[in-house]
Structure formats: C-alpha cells, structure tokens
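Open the model in your viewer and keep the sequence panel beside it. We start with the whole chain, then stop at a few selections.

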Amino acid sequence: MKKVKEIMKIIEDFAPVNLKEDFDNVGLMVGDKEKEVKKILLALDCTLDVINEGKEKNVDLIITHHPLLFRKPSNITTDTLLGKKIIELIKNDISLYSSHTNLDSVEGGLNETIVEKLGFNSTEIIEIHKNSKDKKDGLGRIIRLKNNISLLDLVRIVKENLNINTLKIVEGFNNIRTIAIINGSGEGFISEAVKMGADCIITGDTTYHFASDYKEMGISIIDTGHFSSEWVVFLSVMDKIKKDLDEIEVIISNKVEDPYTFV
C-alpha cells in the first residue's frame, strides 16, 4: 500500500510538474497527501459520473488527464457543477490528481505515445519545452515518411489505431510525406508544423476558419476530436506508470465518454 504523496512522486518522476504549460494546473486537486491508497480509478475528466463510479467502487484516488481546477474558484458550493464535484470528493474521502500538459510533453508521454500507437517513429518535436533538460520533451511531433501515403490510407490508420468511427478531414495534399501530430487541442501548433514541412496535421478541436485557410493552402488536416486523440493514448501512458504502483489496484473508468455524439 502507498500513500497519495508516494503515488504523486511516481507520476511526477515520470512527468515532472515543471514540464506543464504556463496556463495549466497539475498535481493534487483535492485530497490528503497522507491518505493510504488501495484502489485507483483512471479517467480523462473528473465528471460527476466518474466521481459516482469512484464511490461505488470504493476507490481512494482518481487520476485524470484533464485538471478539475484550472483557476481558483470564488466559492465552493453545491450551486455550481465544480462545487458539487469538489464537495462529493471530500465527502467521500476520494483524492483527485491530474497530470496534463506535463504528461503530454514528457518523453514517453502522450505526444510521443500517439505517434507509436499510429505505427510511426519521430525524433522531431514541434515545440521543445523550455524546461526540457535534454531537449526530448515538448508538444507536437513531426513524422517524415520514406514513402508517400494517401490521405485516405492515413485516415484508415488513425481510425483503426485510435478506435475512432468518425472524424473530420480537410482535404489538401493527397500524397502525404510529412505528418504533424499534436494530441488534444493542437490548432495553435499548425502554423509551426507547416513551416517544418508538414503536409498533413493530425489533431483535435480545429475551428472552421482555421480549417478553411489551411485547405486553401493545400494542407490536409485529420481532426479526430479532442477526446479520441487522448483517451486511449492516456491509458497507454498510464500503463507505463502502473508497473511502479505495486499491489495497488488500478481500474479504468467505464463512465468516460466523448461529450460529442455524432449522428
């Protein structure tokens, strides 16, 4: 059995907090560092459904990718969704820990793992993190293929390996040689990726006017949606950490779902 603080150290040894982006908030969101942990629940977001699942399954700690708290709340009451979540966690003695952009950036983290899951290799980072000691941590990866691949073949690879049924594409170049991959909301990195020679961008959460402009420039985009670019990848990364959790039971939430429904 380990205490919350010991589990925090295991996660932060893998994904140091100083690799988070400046806007982000990571670490222990709610709870007691001295609490002993027998069971952990993994989820992408801390929703009320996930908290209720944690209560039903008697978990001691929920680990999410997305932080519950991005900024300090002005109050904590049941009048707000955030307040309800915090109160439910405290009432049921469930701690909550989040590892977000530091887990994205770190070597072996989400940005590197999604490349591996798609069957590619990359040593090029779009934006190396300022606190990376060996220049191997950062957001976004560039893949340079030996042979061209068609856009539709690349779409098939993405769907199969990320368990996606539907996605959005911007049809620019059809014969792809250089790919940029940024999990989550990667729109802000597309410009730099194109400067690095990317013909196609794989990411989530692109907006209409952005997509329209890059289509005119001939750049293809595969928009998987935020959820699909992260959930299965987050679990793969957590598998690397689980081996150090010894006898602690780690379970995967079955209440995690994409907020979007495609009809």
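**Whole chain**

Show the surface first. The protein chain exposes about 13000 Å², and carbon and sulfur atoms supply 48% of that area. Accessible areas come from the Shrake-Rupley method with a 1.4 Å probe, and for residues only the protein chains shown count as cover. This is a predicted model: local features need pLDDT of at least 70, side-chain atom pairs count only at pLDDT 80 or more, and totals for chains, interfaces and linings use all residues. Residues are numbered from 1 along each chain as its sequence is written, and side-chain values use heavy atoms, with hydrogens and water left out.

Switch to cartoon. The protein chain has nine helices and 13 strands. Helices (H or I, at least four residues) and strands (E, at least two) are DSSP runs, numbered from the N terminus. The radius of gyration is 19 Å, close to the 18 Å that the globule rule gives for 263 residues, so the chain is as compact as a globular protein of that length. That radius is taken over C-alpha atoms, and the globule rule is 2.2 Å times the number of residues to the power 0.38. Along its principal axes the C-alpha trace spans about 55 × 40 × 35 Å.

Now colour by burial. Of the 263 residues, 53% are buried. Buried means under 20% relative accessible area, exposed over 50%, and partly exposed in between (1.4 Å probe, protein chains only).

**Helix α3**

Select residues 81-91, which form helix α3. Which of its residues are buried? They are Gly-83, Lys-85, Ile-86, Glu-88 and Leu-89. After α3 comes Asp-93, with a positive phi near 55°.

**Aromatic pairs**

Show the aromatic side chains. The whole structure holds two aromatic pairs. Rings of Phe, Tyr and Trp (its six-membered ring) pair if their centres lie within 6.5 Å; planes under 30 degrees apart count as stacked, over 60 as edge-to-face and the rest as tilted.

Phe-210 and Tyr-214 make a tilted pair, 5.1 Å centre to centre with 40° between the planes. Both lie in helix α8 (residues 208-216), four residues apart, about one turn of the helix. Phe-210 is partly exposed at 25% relative accessible area, whereas Tyr-214 is buried at 9%.

Move to Trp-231 and Phe-234. Their ring centres are 6.3 Å apart and their planes are at 25°, so this pair is stacked. The two sit three residues apart in helix α9 (residues 231-242), separated by about one helical turn. An α-helix has 3.6 residues a turn, so residues three or four places apart point the same way. Trp-231 and Phe-234 are both buried.

**Asp-258**

Stay with Trp-231 and select Asp-258. The two are 27 residues apart in sequence and 9.2 Å apart in space, C-alpha to C-alpha. Asp-258 lies in the segment after β13 (249-252). Buried or exposed? Asp-258 counts as buried, at 19% relative accessibility. Leaving aside neighbours within four places in sequence, Asp-258 is in contact (heavy atoms within 4.5 Å) with Phe-227 and Ser-228.

**Glu-249**

Last stop: Glu-249, in strand β13. Glu-249 is partly exposed, with a relative accessible area of 41%. What does Glu-249 touch, not counting residues up to four places away in sequence? Lys-38, Lys-39 and Ile-40.
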